[in-house]
Amino acid sequence: MIHRLSDRVADDILTMITIEKRFLPGEKLPNENRMAEELGISRTTLREAVRILAANGVVEIQRGRGTYVRKDLKLDEKGALSTLGCIKTDIRDLYEVRLIVEPEAAFLAAQRAGDEEIRHIVLLGTEIERAVSENRDRTEVERSFHKAIAKATHNEFMNKLMPVIYQSIDQGVRLSVQNPKVVRDTLQDHRLITEFLVAGNPEGARHAMKIHLLHAMQELGID
């Protein structure tokens, strides 16, 4: 079944609220321009997605003030798979899951991604490099980079696996602070992944993602 873009965006925002816990009950969502830019969509599509969430009791649109997560929203009731975010596993197990999932995600993304999706992935890769050069925390943009690749598979269930992937990314970034070689390899590997995605080369993207994860595991001493 093919879903509208606005439905997929609504699911992305729901993931931010219920799984990533970026916006808690009662909190205001970012303004339209910022949110649309982060998601790589038009403001029209964003408005449609917000209306879907409002109709389902997730957010509340307050005229003249903005959009807020409903104060009475019960996060645990919005999808059984959200419990994935609570799984406590060690980093080796997390990376093994990524090795199973992400190379195939890169393969499918190279086959299925649209031009806008590819541009968004490339921009996120550039933002990661900027964060490193400015000595800023890159955790959020690392998450966004891998999430954008997963979204480009156009597989509706990929988002449900992101909490597990996020745990690995978060721990990997923390560990890499003490190992500059990991950071250098990460940037080089990201460039290779995006080059294959831009070229529409599925096998290349798959191998580049696998190499990226194996590099990280080796350098972090978890292989």
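1. Basis. In this predicted model, local features need pLDDT of at least 70, side-chain atom pairs count only at pLDDT 80 or more, and totals for chains, interfaces and linings use all residues. Residues are numbered from 1 along each chain as its sequence is written, and side-chain values use heavy atoms, with hydrogens and water left out.

2. Ser-168. This residue belongs to helix α7, residues 158–176 (helices are DSSP runs of H or I with at least four residues, numbered from the N terminus). Ser-168 is classed as buried because its relative accessibility is 0% (buried means under 20% relative accessible area, with a 1.4 Å probe and protein chains only).

3. Partners of Ser-168. Its side chain forms a polar contact with that of Arg-98 at 3.1 Å (here, a pair of N or O atoms within 3.5 Å, one able to donate a hydrogen and the other to accept it). Beyond neighbours within four places in sequence, Ser-168 is in contact with Leu-94, Tyr-95 and Arg-98 (heavy atoms within 4.5 Å).

4. Largest cavity. Its volume is about 140 Å³ (a cavity is a set of points on a 1 Å grid where a 1.4 Å probe fits but cannot get out; lining residues have an atom within 4 Å of a point). Among the 16 lining residues, Tyr-95, Arg-98, Glu-142, Thr-186 and His-212 are the closest to the centre. Helix α7 supplies the largest share of this lining, five residues.

5. Second largest cavity. Its volume is about 30 Å³. The lining includes Glu-102, His-146 and Met-209.

Definitions and conventions
Helix = DSSP H or I, 4+ residues; strand = E, 2+ residues; numbered from the N terminus. Buried < 20%, exposed > 50% of the residue type's maximum accessible area, 1.4 Å probe, protein only. 1 Å grid on protein atoms, 1.4 Å probe; cavity = no way out; pocket = protein on both sides within 12 Å on 5 of 7 lines; lining within 4 Å. Points joined across faces, edges and corners; volume = space filled by probe spheres on them.
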